[in-house]
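Biologist: Please show me the model, and then let us go through it by question and answer.

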Amino acid sequence: MKNVVALYFSPTGGTKKVVNSMACSFAAFTGCEFSEKDVTLPKQREGTPEFGVDDVVFFGVPVYIGRVPNLIRPFFASIKGRGALGIPVVTYGNRAYDDALIELRDIMEKNGFRTVAAAAFPAEHSFSTTLAGGRPDEKDLLLAEDFARKIAKILTANPHYLCGHHTPIAVPGNPPPYTYYKAVISDNKNIDIRKVKPLTDISKCTGCGLCARLCPMGSINISDPTITDGICIKCGACIKRCPQGAKSITDPDYLEHKRLLEEEFGNVIKKAELFL
Ligand SMILES: Cc1cc2nc3c(=O)[nH]c(=O)nc-3n(C[C@H](O)[C@H](O)[C@H](O)COP(=O)(O)O)c2cc1C
Ligand code: SF4
Ligand code: SF4
């Protein structure tokens with residue numbers, strides 16, 4: 001073990017905080033070199049990240065409809081582990097992580113990582129500020145750091161982890177085919193918000209272009225940020241990070257789904273789940 005990497009896709013920053021806390025704490029405990037590999041933006045996903053037996057990779061993704069984010073999955077599947085130790089980490093917006101953690105673990109194992117621990121953390125929902133609002137908080141991050149130290153202790157005390165023998169970390173979830181969460185609104189109507197995109201209030205927008213630079217799909221027109229040319233994954237980055245609060249989604253099905261989620265899960269305090 002020489003290098004510790006925090007690898008993450010994190011449009012609104014919750015996953016980044018959790019994974020960085022874990023990886024930094026692990027590096028401090030073991031004396032390994034720490035580095036970050038942010039793969040949120042299209043430019044950051046050019047090329048194929050490759051790791052090796054000297055690396056420990058904390059790999060974080062948000063849960064989207066119960067799974068690893070659909071449109072980024074082919075990129076995740078291309079990352080080469082080559083015997084690196086891996087810790088799959090998912091964050092979810094207070095509803096559930098369903099099959100996402102087992103799916104991420106399986107992607108990593110298929111890619112040649114040896115998964116030795118895993119975690120699922122609640123983090124503020126991309127659609128809302130009240131679903132797991134403000135999380136991960138200080139307590140969550142202390143828990144993440146403490147968990148990383150536990151992993152480090154076990155790995156350094158059991159060198160067999162570092163060579164040959166390996167069993168993938170056991171995590172909750174169903175084996176393939178993994179199940180998508182089906183969002184329903186009133187009268188049990190399934191919603192399909194795939195084509196929904198944020199709108200821009202032109203009376204607030206200053207044309208600064210920040211939203212275009214932050215969009216993980218590269219879908220916002222940099223010359224005219226009121227136009228979303230490409231696919232929108234509803235990640236919330238442009239909405240939550242616009243300094244003028246100029247972006248919002250006004251689609252009635254989206255808003256109803258958000259309202260129902262807030263009603264059911266808004267007052268629930270979920271705990272992080274750790275697997276070692
Ligand atoms: C399209 C979409 C689907 C989501 N589906 C779920 C879900 O099934 N369960 C859940 O609890 N949170 C869900 N979330 C919330 C995110 O998992 C959560 O906010 C995550 O922590 C965001 O990570 P980030 O801050 O790193 O972007 C969804 C978010 C988006 C954008
Ligand atoms: S970040 Fe906000 S203010 Fe800046 S271009 Fe985008 S919508 Fe306009
Ligand atoms: S346009 Fe869609 S995909 Fe791009 S940042 Fe905004 S919510 Fe995310």
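Modeller: Domain 1 (3-179 + 269-275) and domain 2 (194-250) both contribute residues to the shell around ligand 1, so ligand 1 lies between them. The domain bounds come from an automatic or database domain assignment. This is a predicted model, in which local features need pLDDT of at least 70, side-chain atom pairs count only at pLDDT 80 or more, and totals for chains, interfaces and linings use all residues. Residues are numbered from 1 along each chain as its sequence is written, while chains are lettered from A and ligands numbered from 1 in the order in which they are written.

Biologist: How many residues surround ligand 1?

Modeller: A residue is near a molecule if its C-beta atom, placed from the backbone, lies within 6 Å of it. The closest to ligand 1 are Gly-14, Thr-15, Pro-62, Gly-93 and Ala-123. The surrounding residues number 27.

Biologist: Which element gives the largest share of the shell around ligand 1?

Modeller: Helices (H or I, at least four residues) and strands (E, at least two) are DSSP runs, numbered from the N terminus. Two or more residues of the shell come from each of strand S4 (85-92) and helix H1 (14-30). The largest share is three residues, and it comes from H1.

Biologist: How many charged residues does the shell around ligand 1 have?

Modeller: Ala, Val, Leu, Ile, Met, Phe, Trp, Tyr, Cys and Pro count as nonpolar, Asp, Glu, Lys and Arg as charged, and the others, Gly among them, as polar. On that basis the shell around ligand 1 has 11 nonpolar and 12 polar residues. Its charged residues number four.

Biologist: Is H1 largely enclosed or exposed?

Modeller: A residue is buried if 20 or more other C-beta atoms lie within 10 Å of its own, exposed if 12 or fewer, and partly exposed in between, with C-beta atoms placed from the backbone. In H1, 14 of the 17 residues are buried. The rest of the structure therefore leaves H1 largely enclosed.

Biologist: Which residues does Ala-6 touch?

Modeller: Ala-6 is in strand S1 (residues 3-8), and it counts as buried because it has 27 C-beta neighbours inside 10 Å. Two residues are in contact if their C-beta atoms, placed from the backbone, lie within 7 Å. Not counting residues up to four places away in sequence, Ala-6 touches Val-19, Asn-20, Ala-23, Glu-36 and Phe-58.

Biologist: How many residues of domain 2 are in contact with domain 1?

Modeller: The centres of the two domains, taken over C-alpha atoms, are separated by 27 Å. The side of domain 1 that touches domain 2 has six nonpolar, three polar and no charged residues. Nine residues of domain 1 are in contact with domain 2 residues numbering nine.

Biologist: Which residues come nearest to ligand 2?

Modeller: The shell around ligand 2 has seven nonpolar, five polar and one charged residues. Of its 13 residues, the nearest are Cys-205, Cys-208, Cys-211, Pro-225 and Cys-242.

Biologist: And which come nearest to ligand 3?

Modeller: The shell around ligand 3 divides into 11 nonpolar, three polar and one charged. Of the 15 residues there, the nearest are Cys-215, Cys-232, Cys-235, Ala-237 and Cys-238.
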